[in-house]
Amino acid sequence: MISLIREKIKSLSSSEEISLFLKHKRGMAGLILLSFMLFIALTADFIAPKRFDEVDPSSRLLPPSTANIFGTDQLGRDVFSRVVFGARIALWVGLLVVVIEAGIGVPLGLVAGYYGGSIDKLISAITDMLWAFPPIILALAIVTILGPGLTNVVIAVSVVSWAPYTRVVRAKTQSIMSREFIIAARAVGESSLSIMFRYVLPNTLSSVIVLATLTIPSAILYTTALSFLGFGAQPPTPDWGAMLNEGKDYIFKAPWCSVFPGLFITLTALSFNLLGDALRDVLDPKLRLG
Amino acid sequence: MGLLTYVLKKFLIGIPVIFGVTIILFYIMYTLPGDPIKLLLAGERVTPARIEELRRAWGLDQPVYIQYFYWLSHIVRGDLGVSIVTKEPVALLISQRLPYTLTLMLISTLLSYSIGVLAGLITALKRGTLIDGFVSIVGVINYSIPGFWFGLMLMLSFGYYLQLLPISGYEGPHSLVLPALSLALPSSAYVMRLTRAEMVEVLNEDYIRTARAKGLNKRRVLLVHALRNAMIPVVVMFFLNMPWLIGGAVVIETLFALPGMGRLLYVSIIRQDYAVVQGIVLIITVLTVVFNTLGDVVVAVLDPRIRVERGGGL
């Protein structure tokens with residue numbers, strides 16, 4: 001899989017796609033915004049003036065100042081430090097959810113598109129059913145069974161939202177199946193597994209990359225929503241959703257506790273949405289997610 | 001295939017889906033820890049003989065699959081069980097709260113569609129101009145904003161600083177304004193995007209160019225020929241989106257402390273009142289199937305080609 005991605009990247013570099021992307025203003029804006037988020041996530045230990053769980057009872061609910069640029073929360077913790085460490089959690093969670101989703105959705109799409117017939121009908125029926133169902137409700141049901149916690153929320157969100165991967169990969173696979181190189185591979189007796197993973201999968205990769213970039217924002221929005229309701233990350237984890245859950249009780253007294261975490265969720269989701277739209281325009285303009 | 005058979009077939013497909021969900025729901029309830037009879041009695045002192053009698057009365061001495069059919073027969077008759085916390089029938093609890101949720105969904109849909117379709121049309125017609133660029137960027141930002149955070153910010157600005165609207169609880173229809181806005185924000189962006197994409201596609205179609213070339217009135221071409229066809233997917237999205245809105249309503253109703261079904265679900269999960277959770281998930285499943293079927297039917301009525309295309313699959 002990694003070698004496949006490497007090949008893909010090699011074939012992309014110095015090609016016209018790169019120059020197309022570089023001219024995409026919104027895509028570049030997204031990339032810059034995402035680099036900023038990645039930067040603060042990676043260097044959180046150096047940027048944050050305090051630890052995310054450092055309590056200071058003498059400075060509770062202080063408004064933003066030069067000492068605490070985003071203010072302090074109800075336990076006197078530095079909101080800026082918590083937001084910076086929160087970037088780590090948000091990006092990590094987004095990536096993890098997307099990897100699990102693709103891990104479930106892509107193989108199912110390959111199998112459905114490759115074999116067709118009743119296997120395809122069964123997989124498509126399950127996918128359609130899952131797609132129709134409100135993901136938050138399903139994720140809540142799963143969290144009810146598994147119990148609260150960030151890991152369980154990641155599992156719940158991934159398990160309920162892989163449907164778009166199956167749909168996109170299935171459609172791509174179907175369109176590739178009649179191509180000469182597949183017919184040739186079949187004629188020389190390549191195994192089904194080998195055809196699916198060596199010949200079909202690489203051709204679906206650009207769609208999967210676009211899809212992954214565009215589903216990271218919803219992964220982050222769903223996991224923070226569940227943390228906001230109290231089912232996800234538990235205190236003192238500086239998850240942005242959990243911070244909003246704690247901050248909402250002080251919304252009028254100390255609005256900064258709620259303003260900044262939400263702002264950073266928005267900026268992170270925005271960076272991936274801008275980047276994903278640009279990648280779609282460049283790599284796979286016909287891709288539709290609906 | 002006639003329209004009527006098509007509609008009938010679509011409704012029939014929904015039945016096994018609901019059936020499947022009831023099996024999953026029952027299984028989850030069955031495996032959850034805790035003795036339902038003890039939970040029901042909640043510390044009341046009764047003799048072991050009375051417990052045994054209740055167990056028989058509720059069919060809990062039977063094998064699992066018999067218990068399932070027993071439970072199902074109650075559900076079919078509209079008996080969703082009793083809340084362990086309030087001792088009220090689940091069906092009553094839900095029917096008291098469902099109207100709030102449906103009203104909230106209706107208002108937010110009206111908002112998101114009027115804003116989204118208008119913005120979509122403007123950006124499609126002014127494609128490539130500054131207005132298009134600006135409105136499109138606002139759209140991307142809108143669906144990057146978490147609805148619950150937007151709700152908090154509305155509470156802070158309109159409820160607290162300006163004191164124009166109630167902050168939480170239900171005091172009358174005006175209590176639904178801020179929640180409806182929070183729920184409408186992301187979906188208005190999706191509606192705008194879809195409207196724009198469809199409109200741009202339709203405007204490039206041959207028949208629109210023909211109509212223009214024939215010298216037909218420009219406005220007439222746009223409104224009668226282009227808009228009508230571009231709106232089909234947008235109308236379908238209206239139905240397919242409804243179940244997703246219920247999901248959003250759970251978060252927004254909880255934030256604004258509205259007495260709707262979404263908040264009831266949240267509260268019941270917290271209280272481990274599983275009979276209520278089960279009932280609400282079941283109702284949401286039925287609503288999901290109904291809205292999806294309606295979506296399919298509307299497509300079939302508006303665009304007869306679809307009936308042939310989608311006839312084979314599910």
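The model is predicted.

Chain A is helical. Its secondary structure comprises 13 helices and 0 strands. From the N terminus on, the elements of chain A read α-α-α-α-α-α-α-α-α-α-α-α-α. The C-alpha trace of chain A spans about 75 × 45 × 25 Å along its principal axes. Chain A has 290 residues, of which 46% count as buried. Among contacts in chain A with a separation of 6 or more, 71% are between residues 24 or more positions apart.

Chain B was described in the same terms. It too is assigned helices, with 13 helices and 0 strands. Along the sequence, chain B follows the pattern α-α-α-α-α-α-α-α-α-α-α-α-α. Its C-alpha trace spans about 90 × 60 × 25 Å along the principal axes. The radius of gyration of chain B is 25 Å, whereas a compact globule of 314 residues would have a value near 20 Å. Of the 314 residues of chain B, 38% count as buried. Of the contacts in chain B between residues at least 6 apart in sequence, 73% join residues at least 24 apart.

The two chains touch. On one side stand 33 residues of chain A, and on the other 29 residues of chain B. On the side of chain A that touches chain B, the elements giving two or more residues are α6 (117–132), α7 (135–146), α11 (192–228) and α13 (256–283) of chain A. Helix α13(A) gives the most to this side, with 8 residues. The side of chain A that touches chain B has 24 nonpolar, 7 polar and 2 charged residues.

Nonpolar cores were examined next. The largest nonpolar core holds 123 residues. Within this core, the residues that touch the most other members are A:I137, A:A139, A:V157, A:A225, B:V251 and B:I280. These six names come from both chain A and chain B. With residues up to four places away in sequence left out, A:I137 touches B:I246, B:G247, B:V250, B:V281 and B:I284. A second, separate core has 23 residues, including B:Y143, B:V191, B:V202 and B:M231. As a general background, nonpolar side chains tend to be buried together in soluble globular proteins.

Helix α5 (residues 90–125) and helix α6 (residues 130–142) of chain B pack at an angle of about 145°. Their axes are 8 Å apart. The crossing of α5(B) past α6(B) is left-handed. From α5(B), the contact uses B:A119, B:I122 and B:T123. From α6(B), B:I131, B:D132, B:V135, B:S136 and B:G139 take part. By class, the residues of this contact are 4 nonpolar, 3 polar and 1 charged.

Several local features of the backbone follow. In chain A, a cis peptide bond joins A:P235 and A:P236, with omega about 5°. A:P236 is found in the loop between α11 and α12 (240–247) of chain A.

For B:K87 the value is about 65°. B:K87 lies in the loop between α4 (64–76) and α5 of chain B. B:K87 counts as exposed because 9 other C-beta atoms lie within 10 Å, and the cut-off for exposure is 12 or fewer. For B:Q272, phi is about 55°. This residue sits in the loop between α11 (261–271) and α12 (274–302) of chain B. B:Q272 is partly exposed, because it has 15 other C-beta atoms within 10 Å, a count between the limits of 12 and 20.

B:T210 is exposed, because 12 other C-beta atoms lie within 10 Å, and 12 still falls under the rule of 12 or fewer. B:T210 and B:R263 are 53 residues apart along the chain, and their C-alpha atoms are separated by 53 Å.

Technical notes:
Residues are numbered from 1 along each chain as its sequence is written. Chains are lettered from A and ligands numbered from 1 in the order in which they are written. This is a predicted model: local features need pLDDT of at least 70, side-chain atom pairs count only at pLDDT 80 or more; totals for chains, interfaces and linings use all residues. A nonpolar core is a set of buried Ala, Val, Leu, Ile, Met, Phe, Trp, Tyr and Cys residues joined through C-beta atoms within 7 Å. Two residues are in contact if their C-beta atoms, placed from the backbone, lie within 7 Å. Axes are lines fitted to C-alpha atoms, for helices over the stretch in contact, and angles run from 0 to 180 degrees between N-to-C directions. Helices (H or I, at least four residues) and strands (E, at least two) are DSSP runs, numbered from the N terminus. A crossing is left-handed if the near helix is turned anticlockwise from the far one by less than a right angle, and right-handed if clockwise. Ala, Val, Leu, Ile, Met, Phe, Trp, Tyr, Cys and Pro count as nonpolar, Asp, Glu, Lys and Arg as charged, and the others, Gly among them, as polar. The radius of gyration is taken over C-alpha atoms; the globule rule is 2.2 Å times the number of residues to the power 0.38.
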